[in-house]
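Please have the sequence and the coordinates open while I talk. I will go through some side-chain contacts, the cores and the aromatic rings.

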Amino acid sequence: MTRHLAPFWLNRLLGIPASTPLTPRAMASTLRVAFCPAPELSPRLQRFTTALREAFAACGVRIAEAAGEGRDARFKAGTALIAPGSFANDNLPISRVSTLYNNLIVGIYDEPPPVHGGQTPQETLDAVVGKLAWEMVHLLIYVTESSWTVCSMNGGITTFDTPLPESRDVLESLIPKLTAQVVPPRDGELELRTGALDTEAPEFLKFAADFVECGRIWAGNERFMNHTSRESLDYRNDFCRKIVSRYLDERSGMSYGFFARQLPVKVAPAIEADDLGEASVGDAFAPVTIAGKKLLVPVPGVRILTTRSGCRKTAIDPRHDLVEIGYENGCAWLATPNGLPEGLISKPSFDTLTIIAHAVGNAMIASILLALAPESRFPGQLERFGCGMTHWHYYPDEEMVPDGYVVHGFDNPPVSCSTPQSAAYSLLGKLDALERALEGGTDYLGDVHIEPGHGTNVVGTRSLAKMAMFLNADSCVCSQREE
């Protein structure tokens, strides 16, 4: 998976620890789980839990001992807690963990999942998120006589048609979800530049109009799941309500998908090199092996306008709903709009690191193309217009892939947004897509990153509105005017 770029450079370029596991086997070797069953389990849940424990062991997962005696005993940080059955309000598994962000909890229930035919995607998502909030868990597993189903905070639903979990399914589908937890950007991870985004600047107004038109087009597509309000959920008590608020970092709810515009950036051509040892590489160059060439790729700083977390993407107010993020010399930052109304919280997207990874990858690809395929249109487009990024929790049909956009990611582990793995797959996958384009003689214009169990990122030279028109061609009649 790291044949184009070494893990060391994932850390240097994006701050992703070099030890981050990227394959299911590597994830299993780092995972520690503990079992916290309810006082009473149905026979079906007892059988399922026993089989799940055996499957974990077969995959190389460490099984932790119980947290000790008494209700106050807690499982230490880094332990995923498997909690089959129903718990009383005063004995929820959330009260048995040490941390809010580093102890993922899996609830397992002897019932069908809360989804059924006839629901819209938004209704399905709301049902899953509502159950997560009520049970105070991060992941749901539903067990029936003939199948088991995993439901995630992404709205992803995966059903296995076996009554008991098999090791391969646990390894390839469940373990990645347990290893890479959904966590919003935390304080200190981004340099905060409060009020530094000038919403009256001509450059901003030009790009803001693209966001507004893009959202208007997507509003007619029920597959674009927009927002689940924190206040719309039912909670067992005020304690649970406060925990959810803290977990979401005071966001108004969970909004799904994002729009982003990488701002124009000029890059220099990559340099061919015979020896890419670390001693010969300066901080401003990343060593990349691609299409049989060893290259030193200059990596400039990047800037991106993107939707703030929690806003309604289909009804964007550009004065309040856009933020600017950037990355340069290992430092990520967030600029919020000037003149925000009192009480409006401007938070970065859960997908912030993935967005930055796409922007860094676009700059690297432009540099490589200048060296290997100077006739390519992509570098010039990036320099003049930047790149549009569209993420939604659905998967495109083949005819929804624009010419020049290369699809990748089908075989990646199903990790969630906000995870370092998601960002790593974005950057590494782009390099793989570029190599395929070069080998196939395709004029590379962008990529379609499939995230199994999560959604799709479409990134390339089309504007947001133009991409929205293309992806929604069956449901809207829009002007086909070029930028």
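Which side chain does the side chain of Thr162 join in a polar contact? The partner is Trp148, at 3.3 Å. A polar contact here is a pair of N or O atoms within 3.5 Å; within protein, one must be able to donate a hydrogen and the other to accept it, and residues adjacent in sequence count only if both atoms are side-chain atoms.

Two remarks on where the values come from. This is a predicted model, in which local features need pLDDT of at least 70 and side-chain atom pairs count only at pLDDT 80 or more, while totals for chains, interfaces and linings use all residues. Residues are numbered from 1 along each chain as its sequence is written, and side-chain values use heavy atoms, with hydrogens and water left out.

Back to Thr162. This residue is in the loop between strand E7 (157–160) and helix H5 (167–179); helices (H or I, at least four residues) and strands (E, at least two) are DSSP runs, numbered from the N terminus. Thr162 counts as buried because its relative accessibility is 15%. The classes are: buried under 20% relative accessible area, exposed over 50%, partly exposed in between, with a 1.4 Å probe and protein chains only. Neighbours within four places in sequence aside, Thr162 is in contact (heavy atoms within 4.5 Å) with Ser146, Ser147 and Trp148.

Pro163 is in that loop between E7 and H5 as well. At 43% relative accessibility, Pro163 is partly exposed. Not counting residues up to four places away in sequence, Pro163 touches Phe48, Val143, Glu145, Ser146 and Ser147.

Now the rings. A search of the whole structure gives 9 aromatic pairs. Rings of Phe, Tyr and Trp (its six-membered ring) pair if their centres lie within 6.5 Å; planes under 30 degrees apart are stacked, over 60 edge-to-face, and the rest tilted. Phe48 and Trp148 have ring centres 5.6 Å apart and planes at 65°, so this pair is edge-to-face. It links distant parts of the chain, with Phe48 in helix H3 (residues 43–58) and Trp148 in strand E6 (residues 148–152), 100 residues apart. Phe48 and Trp148 are both buried.

Trp218 and Phe224 make a tilted pair, 5.2 Å centre to centre with 40° between the planes. Both of these residues are buried. Together with Phe259 and Trp392, Trp218 and Phe224 form one aromatic cluster.

Two arginines also go on the list. The charged end of Arg193 sits over the ring of Trp333, 4.2 Å from its centre, and that of Arg462 sits over the ring of Phe470 at 4.7 Å. The criterion is NZ of Lys or CZ of Arg within 6 Å of the ring centre and within 35 degrees of the ring normal.

Last, the cores. A nonpolar core is a set of buried Ala, Val, Leu, Ile, Met, Phe, Trp, Tyr and Cys residues joined through side-chain atoms within 4.5 Å. The largest has 83 residues, and Leu5, Phe56, Ile175 and Leu178 have the most contacts inside it. Helix H8 (residues 352–372) supplies the largest share of this core, 11 residues. Apart from it lies another core, of 39 residues, including Leu125, Tyr142, Met225 and Cys417.
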